[in-house]
Amino acid sequence: MNGFFPSRTVAWYMARMFLVRTFGIMAGITLILLALNLLGEAGKILQVPGNTDAQVWQYAALRGPQIMAFILPFSVLLGTILTLLQMNQNSEVVALKAGGMSANQVLAPLLVSLAETADCRLDMVPSGTDGIDGAGIRDRQVGRDRQGCH
């Protein structure tokens, strides 16, 4: 395994670049989609007798992880493209290749970060649950205990 990551510094640098871009993109798109979703659903939630702003915030708290799980594959793709684009513009890929690293060794930190991100997506939202409905908030939550990302 030591030959797979010839430089610990380069591996951490690339992984950090990838993760910052991926989760930055995911946070931005999630905020935009959640705001648009709240514009459409807040009226329906507040029409139910007894619902207040607290139920709108509860809806947002339940809907946010669903949107993040939906957006994560797209943000991983964009994060990878942006990471490799910036490394190409700064001639870092050329420098790594000139330093004796193979293409597999250059991509290895991204693949490890990608595997961890995929594991994070599996922990976000339980499969087969809606968590909410269009008119209000469900009384019970269905799903397994969420351990979060490792």
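## A walk along helix α1

At 12% relative accessibility, A15 counts as buried, because the cut-off for buried is under 20% relative accessible area. Keep in mind that this is a predicted model. If you skip the neighbours within four places in sequence, A15 touches P109 and S113.

Now move along to T22, another residue of helix α1. Is T22 buried or exposed? T22 is buried, with a relative accessible area of 0%. Again leaving out neighbours within four places in sequence, T22 is in contact with L72, S75, V76 and G79.

Here are the two residues side by side:

| Residue | Relative accessible area | Contacts beyond four places in sequence |
|---|---|---|
| A15 | 12% | P109, S113 |
| T22 | 0% | L72, S75, V76, G79 |

What about the helix itself? Helix α1 covers residues 8-47, which makes 40 residues. From its first C-alpha to its last, α1 reaches 56 Å, close to the 58 Å expected at 1.5 Å a residue. The helix does have a kink, though: about 40°, centred on E41.

Helix α1 also has a packing partner, helix α2 (residues 53-89). The two pack at an angle of about 150°, and their axes are 4 Å apart. Their crossing is right-handed. So what sort of residues make up the contact of α1 with α2? They divide into 25 nonpolar, 10 polar and 4 charged.

Methods
Residues numbered from 1 in each chain as written. Predicted model: local features only at pLDDT ≥ 70, side-chain atom pairs only at ≥ 80, totals over all residues. Heavy atoms only, no water. Expected span 1.5 Å × (residues − 1). Bend = angle between axes of the 7 residues up to and from the residue. Buried < 20%, exposed > 50% of the residue type's maximum accessible area, 1.4 Å probe, protein only. Contact = heavy atoms within 4.5 Å. Axes fitted to C-alpha atoms, helices over the stretch in contact; angles between N-to-C directions. Left-handed = near helix turned anticlockwise from the far one by under 90°. Nonpolar A, V, L, I, M, F, W, Y, C, P; charged D, E, K, R; others polar.
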